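Subject: Handover of a structure and its findings

Dear colleague,

Please find below the structure that I am handing over to you. I would ask you to keep it open while you read the notes that follow.

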Amino acid sequence: MRVLFVASECFPLIKTGGLADVVGALPRALNAQGVDVTVFLPGFPPVLKGLKKKKVIGKTFALGSGTAKLMEGETDSGLKIIALDAPELFKFEGNPYQNPDGTDRDGNGLRYAAFSRVAADLAIGRYGVSAFDVVHAHDWQAGLVSAYLSTEMAPVPASVLTLHNLAFQGLFPKMLMPDIGLPADYFAKDNLEYWDKISFLKAGIVHSHHVTTVSPSYALEIQTNEGGMGFGGLLRSRGNALSGILNGIDTEVWNPETDPDIAANFSRTKLSAKAKNKAQLQKDMGLKVSKNTPLFAVISRLTGQKGLDLLADAVPQITALGGQLMVLGSGDSAIESQFLASAKANPDSVACFIGYDEPLAHRVQAAADAIMIPSRFEPCGLTQLCAMRYGTIPVVGRVGGLNDTVIDANPAALAKNCATGVQFSPIDPHMLASAINRTFELYAAPKTWRGMAQNCMAQDVSWKKSAQQYANLYARLKG
Ligand code: ADP
Ligand code: GLC
């Protein structure tokens with residue numbers, strides 16, 4: 001079984017969020033189960049630079065108004081990559097989709113249409129690489145792959161689209177239609193038209209043989225009018241070909257027993273060493289060094305999706321109850337400013353690092369007592385899984401993948417000793433405040449807290465089970 005992943009991010013080559021983690025880890029879990037995966041990526045400078053054993057496949061060809069070639073290579077961990085080396089489209093630094101001021105980059109429509117066109121041709125076997133059995137596209141950047149395949153006369157590979165976040169729909173003006181090389185009559189309501197625009201994501205939902213999303217709960221939520229973000233009806237109509245498969249994490253990258261970035265390694269049975277990480281982070285961030293002060297953390301895009309505007313308002317509650325908060329993230333400037341102001345006003349108890357810092361994310365996960373994820377919606381969420389691996393208790397909105405991965409510390413779960421976190425719903429200031437109160441109460445009972453941390457660390461958050469589900473799906477589609 002040969003599968004071509006098509007995605008715009010892949011850890012460790014290029015990452016803005018969880019998509020990269022999934023595309024970096026799932027193929028290796030699939031390879032371990034006998035599925036041969038190659039990942040097709042845009043040739044951004046860090047991608048081309050990061051590839052090992054690089055070699056050019058075939059000849060240079062014309063693409064858009066420039067030229068392109070395919071570059072084959074692998075990551076340090078041996079994942080097979082083919083990159084589209086097209087300088088005119090991908091030679092820029094920074095975020096793949098946005099300018100530094102948060103606006104969309106010019107040319108995204110044609111950029112990712114060209115990427116998807118080449119992906120479809122590659123999957124069919126047009127570039128001298130043998131044809132693939134399945135092409136597995138991710139998010140709107142690869143949404144057009146199955147639309148291009150649908151125009152072919154000859155048999156094509158089976159297509160899967162994974163929705164990582166329905167809020168990003170790949171919307172572009174209809175005047176691009178002639179340039180993206182799809183039949184004009186595709187601009188229709190039952191096809192890729194969405195409120196008089198082209199939606200790359202809708203194209204993928206309509207044309208892929210199967211659509212998956214990243215948790216069973218999110219698969220249900222997106223089939224409602226509220227959670228479907230405009231695509232609820234369409235997703236209901238595809239209900240028979242839609243499933244939710246829970247994300248995992250790379251348990252080698254996220255391993256408290258071997259993590260080279262943290263102050264002290266620890267394990268479920270040697271949990272006391274976690275305290276050294278807390279003391280070190282408190283010291284490094286200028287917080288008061290205190291063993292028994294509950295340390296809350298955020299590692300996230302600072303956006304409304306993540307509910308972090310609500311948390312920014314709740315900082316006074318956390319500090320009044322004697323807690324500390326460490327924020328690592330970037331995003332909406334209003335949320336950033338509010339956390340920065342809290343840190344300035346309470347340097348002993350609030351620290352804030354605005355930016356993206358992978359090693360710091362590991363240090364924070366190792367140090368914190370609880371991670372705050374008050375998301376309004378969350379397709380899966382990976383930070384709660386990383387947290388659980390590090391014995392850090394997730395405090396989460398009861399939505400999407402957070403619903404599927406965290407067991408709330410209600411009286412029954414506590415009695416059975418299976419609780420792993422705190423969930424709240426609906427996602428509003430009142431319920432967040434009550435979840436924070438509950439977290440303080442749990443922390444005040446050290447045996448209970450320790451038991452929850454150990455329950456977290458006992459969970460299997462690896463890709464093993466879910467990779468098997470993807471492998472079964474591919475086999476079924478290939479027929
Ligand atoms: P999303 O993809 O919606 O942003 P996920 O929870 O799926 O959310 O994945 C986020 C990933 O990005 C996690 O691996 C998390 O550790 C990482 N991350 C988010 N913000 C930062 C940051 N500021 N610095 C380092 N890592 C971050
Ligand atoms: C998206 C979602 C997040 C998910 C990630 C990986 O960015 O917001 O919930 O974990 O994709 O699938």
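Which atoms of Cys380 lie 3.0 Å from an oxygen atom of ligand 2: backbone or side-chain atoms? Before the reply, please note that this is a predicted model. The contact is made by the backbone, where an N or O atom of Cys380 lies 3.0 Å from an oxygen atom of ligand 2.

Surroundings of ligand 2

The backbone of Gly381 also takes part, with an N or O atom 2.8 Å from an oxygen atom of ligand 2. Gln305, in turn, places a polar side-chain atom 3.4 Å from an oxygen atom of this ligand. On its own, ligand 2 has 310 Å² of accessible area, and the protein covers 91% of that area. The ligand is surrounded by 14 residues, and the closest are His164, Asn247, Glu378, Cys380 and Gly381. Helix H1, which spans residues 18-32, gives the most to this shell, with three residues.

Surroundings of ligand 1

Around ligand 1 there are 18 residues. The closest are Gly18, Asp21, Arg301, Gly355 and Leu382. A polar side-chain atom of Arg301 is found 2.8 Å from an oxygen atom of ligand 1. Backbone atoms are involved here as well: a polar backbone atom of Asp357 is 3.0 Å from a nitrogen atom of the ligand, and a backbone N or O atom of Thr383 lies 3.4 Å from an oxygen atom of the ligand. Of the 560 Å² of accessible area that ligand 1 has on its own, the protein covers 93%. Two or more residues of the shell come from each of H1, strand S13 (295-302) and strand S14 (324-331). The element that gives the most is S13, with three residues.

The nonpolar core

In soluble globular proteins, nonpolar side chains tend to be buried together. In this model, the largest nonpolar core holds 165 residues. The members that touch the most others are Leu30, Phe40, Leu84, Leu144 and Phe339. Helix H4 (residues 108-124) gives the most to the core, with nine residues. The core draws at least three residues from each of two domains, namely domain 1 (2-248 + 463-478) and domain 2 (271-458).

Leaving aside neighbours within four places in sequence, the residues in contact with Phe339 are Leu302, Leu308, Leu311, Ala312, Val315, Leu325, Val327, Val350 and Cys352.

Two further residues

Is Leu473 buried or exposed? Leu473 counts as buried because its relative accessibility is 4%, and the cut-off for buried is under 20%. This residue lies in helix H19 (residues 464-478). Not counting residues up to four places away in sequence, Leu473 touches Val160, His210 and Thr212. Although Leu473 and Ser243 are 230 residues apart along the chain, their C-alpha atoms are separated by 9.8 Å.

Ser146 belongs to helix H5 (residues 145-149). With a relative accessible area of 5%, Ser146 is buried too. Which residues is Ser146 in contact with, leaving aside its neighbours within four places in sequence? They are Ser159, Ala203, Gly204, His207 and Ser208.

Yours sincerely,

A colleague

Technical notes: Residues numbered from 1 in each chain as written. Chains lettered and ligands numbered in written order. Predicted model: local features only at pLDDT ≥ 70, side-chain atom pairs only at ≥ 80, totals over all residues. Heavy atoms only, no water. Core = buried A, V, L, I, M, F, W, Y, C linked by side-chain atoms within 4.5 Å. Buried < 20%, exposed > 50% of the residue type's maximum accessible area, 1.4 Å probe, protein only. Helix = DSSP H or I, 4+ residues; strand = E, 2+ residues; numbered from the N terminus. Domains from an automatic or database assignment. Contact = heavy atoms within 4.5 Å. Near = heavy atom within 4 Å. Polar contact = N/O pair within 3.5 Å; in protein donor to acceptor, adjacent residues only side chain to side chain. Areas by Shrake-Rupley, 256 points an atom, 1.4 Å probe, with all protein chains shown as cover.
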